[in-house]
Amino acid sequence: MNGIHEHILEILYSEEDLAAMCQRIAREIERDYAGKEVLLIAVLKGSFVFMADLARQLNIPCSVEFMAVSSYGNGMSTSGEVCVKKDLDCQIAGRDIIIVEDILDSGVTLSYLKKLLTARGPASIRIATLLDKPERRKTDIYADYVGTVIPNKFIVGYGLDYAEQYRNLPYIGVLKPEYYS
Ligand code: PRP
């Protein structure tokens, strides 16, 4: 069978590696939010897998909400523009919120989102990102919880796509050059 696993040149983070990152971040969040209730806000679409795994590791009261924003088209680099495609369904004033992202790259998306949500008056706002690519940063933004810092390679899987494909790979890998143009 010629499946999507055969499109992958190299696995960078296995399912076990990713599970360990989720567990570590969950323990950090539990420690920091002891006695509080946290609202996790995932930024679609890329973060849907990380959100599901992180939320299931958390042993504190939490709710989940979703937003969709876009800073890229189908390409591989940021356009610098962000638009909100789906806003929150709830109020966040006075609540402790954590924005959950799959990747912090140029920082354009999270800088915009953090400013937008801060203006709504949450009690606190933090960022959890599975992957951090500081080499590519164009804005002054950092994450409070990071799974791992990654090299500047084009990666797919575990929510991350190329042209909307490969989000369903259970690991993170590098795509073979013949599958992207
Ligand atoms: C990706 C990722 C982040 C953003 C990070 O989303 O999920 O939201 O890019 O990049 P930045 O730091 O350069 O702004 P994308 O816009 O590709 O949408 P997707 O999550 O639907 O794949």
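Start by selecting helix H3, residues 108–118. Helices here are DSSP runs of H or I with at least four residues, strands are E runs of at least two, and both are numbered from the N terminus. Colour Val108, Thr109, Leu110, Leu113 and Leu117, which are the buried residues to look for in H3. Buried means under 20% relative accessible area, exposed means over 50%, and partly exposed lies in between, using a 1.4 Å probe and protein chains only.

A word on what you are viewing: this is a predicted model, in which local features need pLDDT of at least 70 and side-chain atom pairs count only at pLDDT 80 or more, while totals for chains, interfaces and linings use all residues. Residues are numbered from 1 along each chain as its sequence is written, and side-chain values use heavy atoms, with hydrogens and water left out.

Which strands do the buried residues of H3 pack against? Show strand E2 (38–44), strand E3 (62–70), strand E5 (96–104) and strand E6 (124–132) to see them. Contact here means heavy atoms within 4.5 Å.

Next, move to helix H2, residues 48–57. Its buried residues include Val49, Phe50, Met51 and Leu54. Among the elements covering the buried residues of H2 are H1, E2, E3, E5 and E6.

Now select the ligand and the residues around it. There are 16 of them, and the closest are Glu101, Asp102, Ser106, Gly107 and Thr109; a residue counts as near when one of its heavy atoms lies within 4 Å. E5 gives the largest share of this shell, 4 residues, and E5 and H3 each supply at least two. By type, the shell holds 5 nonpolar, 5 polar and 6 charged residues. In this grouping Ala, Val, Leu, Ile, Met, Phe, Trp, Tyr, Cys and Pro are nonpolar, Asp, Glu, Lys and Arg are charged, and the others, Gly among them, are polar.

Zoom in on the ligand's oxygen atoms. One oxygen atom of the ligand lies 2.6 Å from a polar side-chain atom of Asp102. At Gly46, look for a polar backbone atom 2.8 Å from an oxygen atom of the ligand. At Asp105, a backbone N or O atom lies 2.9 Å from an oxygen atom of the ligand. How much of the ligand does the protein bury? Taken alone the ligand exposes 490 Å², and the protein buries 92% of that; these areas come from the Shrake-Rupley method with a 1.4 Å probe.

Finish with the charged pairs. A salt bridge is a side-chain nitrogen of Lys or Arg within 4 Å of a carboxyl oxygen of Asp or Glu, and the count comes to 13.

- Select Arg27 and Glu30, whose closest N and O atoms are 2.8 Å apart in a salt bridge. Both lie in helix H1 (residues 15–32), 3 residues apart, about one turn of the helix. Arg27 is partly exposed at 38% relative accessibility, whereas Glu30 is buried at 17%.
- Asp53 is partly exposed at 25%, while Arg56 is exposed at 65%.
- Select Asp161 and Arg167, a salt bridge with its closest N and O atoms 3.6 Å apart. Asp161 is partly exposed at 23%, and Arg167 is buried at 13%.

Key:
Polar contact = N/O pair within 3.5 Å; in protein donor to acceptor, adjacent residues only side chain to side chain.
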